[in-house]
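The following paragraphs examine the architecture of a protein model. Please keep the sequence and the coordinates at hand while reading.

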Amino acid sequence: MLGYYLRLAVKSLRRTPGLTALMVGAIACGIAACIVTLTVHHAMGRNPIWWKNNVLYAVTMDSWDPRRPYDPDRPTVAPSQLTYLDATYLYGSDIPQRKTLLAFVQGALAGAPGQSAPVWAMTRITTAGFFHMFDVPFEYGGPWSAAADQGPQPVIVLSHRENQRLYDGRNSVGRTILWNHLRFRIVGVLAHWDPRPRFYDLTGGGSGDFGGSARAFVPFRWGSMLHLFPIGSMSCWVAPGAPPLQTYRDLLASNCVWITMWVELPTAARRERFLDFVNAYWAQQHAAGRFQRPRNNHLWKVSQWLRLHRIVSNSSRLLLRIAFAFLAVCLINTVGILLAKFLRAAPLAGVRRALGARRGEIFAQHLVEVAVLALSGAILGLLLGIAGLAGVRALYAHSYSAYGKVAHFDLIGIAWALALAGVSTLLAGLYPAWRVGRTSPARYLKSQ
Amino acid sequence: MSLNLRPLLSALRRNPTGALLVTLQVSITLAVLVNAAWVVHQRIMRIEQPTGINTRDTFVLQISGSSNQFNAAAAESEDLAYLRGLPGIVSATVSDGVPLTGDGGNTGVWIEPGQQGQVTLTSELGMDQDGLKTLGVRLIAGRNFRADEIQPYVPGKQAPASEAIVTESLAHALFPHGNALGKTIYSSEPRTIIGISRDFMGPQLGQPTERTIIYPRLPGQGGYYDLLVRTQPGKRDALLRLARKHIAAAHRYGVVVDARTFAQNNRRRDSGNRNVAILLALVTALMLAVCCLGIFGLTTFNVGSRTRQIGTHRALGARRRDVVSRFLVENALILTAGAVLGSVLALLIGNWLTLHYAVPRLNMAYLAAGIVTLVAVGELAAWQPARRAARIAPSVATRTV
């Protein structure tokens, strides 16, 4: 029976090619708009390390100026980075199962075979915990040891891209490379790893959140060993009468916040203990004259951290809503056209009813026709949507905005959009199919 | 022409579903159209906000030391001497931030010592006496820095500058009653305002962008500095390539991190707004098109299903014009209903946008323009099928189908 209905449906659709094209086109446009905006929205809002959402915590303390908040628009929110004093003290705790500190410094890489001039490579100073906590995949080798953090030993981990550039992607583990003119041993090369958004470090505004990751990684203490000023985000406040910040020593003792800290706390009990530890430190420092703002120590889960930094842009939300309004208009349009079309063909349904077809069968027959429409609209919409995503990427190719950077074909987003297409079009077809199913045969037979 | 609405209304009443659907479409389209146009207008205003900078003939090279053996002070004076000696270069300066990019510092400024009273937040930029000329920014009061006022970079011991040039907006924010010139302002150090420049967009991209304070101070902290260069018209790209190549090879412990024209930086700065405007306009235009197709479809259907009725009407003496206007008036009724419902919807959405997205309150002129546009386009969509209806011969009424 289904085959017969399908044949009838195709016949009916081909009888009015203009209307059919119009309906399929309208559904496809609506679906494509939804695919593009949903994909981008989904990619922006997702948590790239959801499986560790309940064990990883970013640490913040409000060390800011007592006279005014860090962010005047959100006075209760502490800076998202820590000062050197606080970060190094908190890092000394052994309550967390793992812990890490993050900052960016300048790096120049040289000495690879065949390399003429040094290349600039944004370098992350961090600790071994970084690779373990964030499940960073390695292509060759692995993270450095805890002892390398202490030394610090001259060990370096290269990103996939940098290894491609310097060693043509070959296994470079064990080789020596010049990092800022010092000899470093390569201990690991990352596999391709570029979580978006860059959840572990959301500083750097719209570009940084979705930007690429560092090209090289070295132990955190190399920053202070070599007096390398951080080149990522840094915010400072100067107390009245305090000398301006000039030397690296000034920086380490300053109020400047420039270090992101993460801890891994597998149980609620550990989480409580670590928060108590932070609070005790706060109280001690508060008594000594620092931390004169209200106590605002916080451990943020990854999902909370992403929300706190308002990763999903307002433009994205706006475009998503408009795309849905557009789809609604397309569907209402389809309901109208289907209704008109079915009712005009109602005499045919009348004849079939008179010949013994039941109401349910007429309904089913028309619903099959709707399903054919929905499927064609969805497929065309998918193609248009993929083209649309490429268009968005091209549009945003040279932009600070993150919108284009995440506009990639994403199976989950597209599955959502297709499901939406199918369900909504079928729903739109329900009423017209039901209406025509209700026609009484007598009325149409009379007028024949 | 006498128009009797009664037969129209009864026709609508007999088959209300189609008309209702079009009303719904029209109202949603109107609501989105009006608000999208309003948001696009806001974005375009932000794009068209002048930068105040010569973005045509300028480029920037960002230099970073790759070791703490890098002597930034020596390197920057070498680079400046090289750049200033190149034929085709109008002016070059060294700075600690790059306007239009977000790369640079900001600071709080007070008009009383000891950080008392109200603080004004502003972008800050350390440059030498050629800075304003390089950016193409004119002074409107006071004077430029003198060469002897520029504080060189001395690692760990740089003397604070005691002069400052502020933009018009910053001068007004600090001293609303004018007379900023010659006044002392306080950030980490007290400084005298010796000049007021025209507004230009500083390094920080947050609002308000055109507040900037300039210090006579050379960069170098952290082994990092920016070379800003202005060339004669048409020579920018060639000189950018040349300078980049030379400077990349000039320093043993320094690398060129980035080399870009100001035009590229400016495109990147406003591309977010421009692209959102493009996407919004595109979706709204498609929506309007689909809505018109809906109107076209409904009118075509009505014409088709009322063929005999129209024939009878014509046989009874209606002119072609009457038939056309009958359909257009019927369509106008639907459009009016859609416009009323859509206006309510548009206002609700506008209100919601104001509350949640900080979009200014919807301008009523936009609503009025939206209604006019939609009604005009909607009538146009119904016109072709209505004309086809007018061509139906009266004899159709007497024939059986």
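Predicted model: local features only at pLDDT ≥ 70, side-chain atom pairs only at ≥ 80, totals over all residues.

Which residues does Phe326(A) touch, not counting residues up to four places away in sequence? Residues are numbered from 1 along each chain as its sequence is written, and chains are lettered from A and ligands numbered from 1 in the order in which they are written.

With those neighbours in sequence set aside, Phe326(A) touches Gly30(A), Ala33(A), Val283(B), Leu286(B) and Met287(B); two residues are in contact if their C-beta atoms, placed from the backbone, lie within 7 Å. Phe326(A) is also listed, with Ile31(A), Ile156(A), Ala216(A), Met261(A) and Ile322(A), among the residues with the most contacts inside the largest nonpolar core, which has 208 residues. Such a core is a set of buried Ala, Val, Leu, Ile, Met, Phe, Trp, Tyr and Cys residues joined through C-beta atoms within 7 Å. Helix H12 (residues 314–344) of chain A gives the largest share of this core, 17 residues.

The contact between the chains involves 53 residues of chain B and 48 residues of chain A. On the side of chain B that touches chain A, helix H2 (16–48), S1, S11 and helix H7 (262–305) of chain B each supply at least two residues, and H7(B) provides the largest share, 21 residues. Helices (H or I, at least four residues) and strands (E, at least two) are DSSP runs, numbered from the N terminus.

Helix H6 (residues 236–250) of chain B shows how one element is placed within its chain. The buried residues of H6(B) are Arg236(B), Leu239(B), Ala243(B) and Ile247(B). They cover an arc of only 65° around the axis, and therefore lie on the same side of H6(B); the arc is that of the directions from the helix axis to the C-beta atoms. The face turned away from this buried side carries the exposed residues Asp237(B), Ala238(B), Arg241(B), Lys245(B) and Ala249(B). A residue is buried if 20 or more other C-beta atoms lie within 10 Å of its own, exposed if 12 or fewer, and partly exposed in between, with C-beta atoms placed from the backbone. The buried residues of H6(B) pack against several elements of chain B, including strand S2 (89–95) and strand S10 (224–231).
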